[in-house]
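Please read it beside the sequence and the coordinates.

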Amino acid sequence: MDLKEVQACLRDLDRDAPDAVSRALARYLTVRSVGYIEAVRDDLADLYASVTGHPRLHRRIVHHLRGGLGATPEQLLTFVGSFDKDWRIALEAVLDADDQSLRGQLGAMVAARKKIAHGDGDQVTSGRALAWSDAALQLGKELNKLFDPV
């Protein structure tokens with residue numbers, strides 16, 4: 001299920017639906033949002049390496065993708081900076097805009113996913129999950145700009 005579809009399910013959830021359904025869907029959306037960022041990052045890096053690099057370089061880069069690189073703000077900055085230091089600077093500016101709003105959302109989202117994975121996550125509300133998923137979509141667009149500035 002596409003991230004936007006999950007968002008729509010949560011936004012359009014019947015008000016009479018049990019709270020357990022709303023909480024479960026909010027948790028799923030949180031996990032899916034972080035997974036979306038990781039998938040976009042890895043897919044863009046894979047495509048970039050295949051188009052711009054030697055086949056050996058591409059194989060080397062792909063070897064380390066999709067293996068739990070993490071998506072904290074610092075992990076994303078380190079990752080894009082490994083391609084180009086200017087990309088790191090550009091992403092850092094996006095994360096730090098509006099009093100570090102996006103950085104804070106990303107950090108909270110990743111922390112919440114970890115709690116959910118370990119059986120917690122009660123603090124995840126529908127509002128937070130929807131805001132985090134919007135942040136994930138925004139980050140996906142920003143990463144796309146870095147890897148394909150056309």
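1. The buried residues of helix 4, which spans residues 73-81, are Pro73, Leu76, Leu77, Phe79 and Val80. The model is a predicted one. Around the axis these residues cover an arc of only 165°, which puts them on the same side of helix 4.

2. Two packed helices are described by the angle between their axes and the distance between the axes. For helix 2 and helix 6, the axes come within 8 Å and cross at roughly 5°. Angles under 35 degrees count as roughly parallel, and therefore helix 2 is roughly parallel to helix 6. Among the residues making this contact are Leu29, Ile37, Val40 and Leu44 of helix 2, with Leu130, Trp132, Leu137 and Phe147 of helix 6. By class, the residues of the contact of helix 2 with helix 6 comprise 16 nonpolar, 7 polar and 1 charged.

3. Helix 1 (residues 3-11) and helix 2 (residues 19-52) have axes that come within 10 Å and cross at roughly 160°. That angle makes helix 1 roughly antiparallel to helix 2. The crossing of helix 1 and helix 2 is left-handed.

4. In the contact of helix 1 with helix 2, Leu3, Val6, Gln7, Cys9 and Leu10 of helix 1 meet residues of helix 2 including Leu25, Tyr28, Arg32 and Tyr36. This contact has 9 nonpolar, 3 polar and 1 charged residues.

Note on methods:
Residues are numbered from 1 along each chain as its sequence is written. This is a predicted model: local features need pLDDT of at least 70, side-chain atom pairs count only at pLDDT 80 or more; totals for chains, interfaces and linings use all residues. Side-chain values use heavy atoms; hydrogens and water are left out. Axes are lines fitted to C-alpha atoms, for helices over the stretch in contact, and angles run from 0 to 180 degrees between N-to-C directions. Helices (H or I, at least four residues) and strands (E, at least two) are DSSP runs, numbered from the N terminus. Angles under 35 degrees count as roughly parallel, over 145 as roughly antiparallel, 65 to 115 as roughly perpendicular and the rest as oblique. A crossing is left-handed if the near helix is turned anticlockwise from the far one by less than a right angle, and right-handed if clockwise. Contact means heavy atoms within 4.5 Å. Ala, Val, Leu, Ile, Met, Phe, Trp, Tyr, Cys and Pro count as nonpolar, Asp, Glu, Lys and Arg as charged, and the others, Gly among them, as polar. Buried means under 20% relative accessible area, exposed over 50%, partly exposed in between (1.4 Å probe, protein chains only). The arc is that of the directions from the helix axis to the C-beta atoms.
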